[in-house]
Amino acid sequence: MKLQVAIDLLTVEDALELAGKVAEYVDIIELGTPLIKAAGLSAVTAIKDAHPDKLVFADMKTMDAGELEADIAFKAGADLVTVLGSADDSTIAGAVKAAKAHSKGVVVDLIGIADKATRAREVRALGAKFVEMHAGLDEQAKPGFDLTGLLRAGEESQVPFSVAGGVNVSTIAAVQAAGADVAVAGGAIYGAADPALAAKELQAAIN
């Protein structure tokens, strides 16, 4: 299982600083949607230039113009881009077309999708590299939230998947046991007093 850090900071400088601390412990560096909206795709280019050996994940959350938005992100240096699972199939197919042209990948984010397992199989058939079983920050803040539903959906889907939302050192073993290909940790790393140590501990929990 790969470890992905989600960088939900708002400046390129802060993102570069965090990535520099944790890169040796992670496989994928994600530039979160707030960062891309605040700083633009220059953030993707900066991270890829600084860490050319890492997969750089641009969390575009594309909902329309799939081929165009994916093409822009790939040209900026992204290896993986996200399209929302609630987008039209043609939008996902368009992003996949761009990914094939660049020899890159599309990840379909299933945030907000009720039947994640079914949609996961549908978008995998459209060419998604993997799907993201994702609970957003707002959903995680609700009383009683836990990872169980995401893990169950991943297991049921029978397609390659990542898990994002509530992944930390106490839950990552369950994520791996569910068969996830990627564990995505955001706040557990960037919100830690020592992000490098937090990333190292997560990596150790996998290995």
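In what order do the eight strands close into a barrel? In this predicted model, where local features need pLDDT of at least 70, side-chain atom pairs count only at pLDDT 80 or more, and totals for chains, interfaces and linings use all residues, the order is β1-β2-β3-β4-β5-β6-β7-β8, with parallel pairing. Residues are numbered from 1 along each chain as its sequence is written, and side-chain values use heavy atoms, leaving out hydrogens and water. Strands (E, at least two residues) and helices (H or I, at least four) are DSSP runs numbered from the N terminus, and two strands pair if DSSP finds at least two bridges between them.

Take β7 (residues 161-164) and β8 (residues 182-185): they run parallel and are joined by three bridges. V163 has A183 in β8 as its bridge partner.

Now for a helix. Sitting on the sheet, α6 (residues 116-125) touches β5 (105-109) and β6 (130-134), where contact means heavy atoms within 4.5 Å. Its buried residues are K116, A117, R119, A120 and V123; buried means under 20% relative accessible area, with a 1.4 Å probe and protein chains only. These buried residues pack against α5 (89-102), β5, β6 and α8 (148-157). After α6 comes G127, with a positive phi near 115 degrees.

What about the nonpolar core, a set of buried Ala, Val, Leu, Ile, Met, Phe, Trp, Tyr and Cys residues joined through side-chain atoms within 4.5 Å? The largest one has 64 residues, and L31, V44, V81, V131 and V163 have the most contacts inside it. A second, separate core of nine residues includes A6, F57, V182 and V184.

Notes
Axes are lines fitted to C-alpha atoms, for helices over the stretch in contact, and angles run from 0 to 180 degrees between N-to-C directions. Buried means under 20% relative accessible area, exposed over 50%, partly exposed in between (1.4 Å probe, protein chains only).
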